[in-house]
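This briefing covers model confidence, helix packing and aromatic pairs. Please look through the structure before reading the points below.

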Amino acid sequence: GVDLTVGSLLRVKTALGFDLIDKPDSVPQDIASLVDILWVVLEPQLTAKGISEEDFAGRLGGESLEAGIDAFMEEWAGFFRKVAPSRSAMIRGLWHKAKEYGPKMEAEVERVLSTLSFDSLESRG
């Protein structure tokens with residue numbers, strides 16, 4: 001499971017530049033960055049098991065990716081539950097909003113893509 005400590009959050013800040021301790025709203029929304037965060041957090045236990053970053057990414061399908069990100073977000077909110085309850089609530093709220101918005105955004109992107117004519121794009125080329 002995802003086990004967050006001050007050390008793992010500091011590794012994320014050093015490796016990726018996301019300050020998840022003092023600036024929780026700096027958490028990225030894009031999947032690639034969230035996968036990077038998961039890797040940095042889990043790296044010590046994964047490398048101890050002989051799992052490389054490539055292996056890790058290769059094992060993340062749709063459901064396991066969603067489960068991993070959900071577990072990270074829950075653990076991250078839980079990290080602040082005692083020391084900064086309002087921050088914990090904010091993280092949880094941001095994540096639930098993002099999850100709510102995600103499917104709407106995907107539907108809108110699909111709608112826009114379906115109206116595009118690739119022939120007209122190529123002729124502009």
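What is the mean pLDDT of the protein chain, and what percentage of its residues reach 70 or more? The mean is 81, and 79% of the residues reach 70 or more.

**Confidence**
- Helix 1 (residues 6–16) has the highest mean pLDDT among the elements of the protein chain, at 95.
- Helix 6 (residues 118–124) has the lowest, with a mean of 47.
- Over residues 117–125 the pLDDT stays under 50, and the model has 0 contacts beyond four places in sequence for this stretch.
- Where pLDDT is low, predicted coordinates should not be read in detail.

**Helix 2 with helix 4**
- Helix 2 spans residues 31–48 and helix 4 spans residues 62–79.
- Their axes lie 10 Å apart, and the packing angle is about 65°.
- The two helices are therefore roughly perpendicular to each other, since angles of 65 to 115 degrees are classed that way.
- The crossing of helix 2 past helix 4 is left-handed.
- On the helix 2 side, the contact involves Ile31, Leu34, Val35, Ile37, Leu38 and Val41; on the helix 4 side, Leu65, Gly68, Ile69, Phe72 and Met73.
- By class, the residues of this contact are 10 nonpolar and 1 polar, with no charged residue.

**Helix 1 with helix 2**
- Helix 1 packs against helix 2 at an angle of about 130°, and the axes are 9 Å apart.
- That angle makes helix 1 oblique to helix 2.
- The crossing of these two helices is right-handed.
- Helix 1 contributes Ser8, Arg11, Val12, Ala15 and Leu16 to the contact, while helix 2 contributes Asp36, Ile37, Val40, Val41 and Pro44.
- The contact of helix 1 with helix 2 divides into 7 nonpolar, 1 polar and 2 charged residues.
- Ile37 and Val41 of helix 2 are listed in the contact with helix 1 and also in the contact with helix 4.

**Aromatic pairs**
- A pair of aromatic rings is described by the distance of the centres and the angle of the planes.
- The model has 3 aromatic pairs, counting rings whose centres lie within 6.5 Å.
- One of them is Phe72 with Trp76: the ring centres are 5.9 Å apart and the planes are at 20°, so the pair is stacked.
- Phe72 and Trp76 both belong to helix 4, where they are 4 residues apart, about one turn of the helix.

Conventions: Residues are numbered from 1 along each chain as its sequence is written. This is a predicted model: local features need pLDDT of at least 70, side-chain atom pairs count only at pLDDT 80 or more; totals for chains, interfaces and linings use all residues. Side-chain values use heavy atoms; hydrogens and water are left out. pLDDT is the predictor's confidence in each residue, from 0 to 100. Contact means heavy atoms within 4.5 Å. Axes are lines fitted to C-alpha atoms, for helices over the stretch in contact, and angles run from 0 to 180 degrees between N-to-C directions. Angles under 35 degrees count as roughly parallel, over 145 as roughly antiparallel, 65 to 115 as roughly perpendicular and the rest as oblique. A crossing is left-handed if the near helix is turned anticlockwise from the far one by less than a right angle, and right-handed if clockwise. Ala, Val, Leu, Ile, Met, Phe, Trp, Tyr, Cys and Pro count as nonpolar, Asp, Glu, Lys and Arg as charged, and the others, Gly among them, as polar. Rings of Phe, Tyr and Trp (its six-membered ring) pair if their centres lie within 6.5 Å; planes under 30 degrees apart count as stacked, over 60 as edge-to-face and the rest as tilted.
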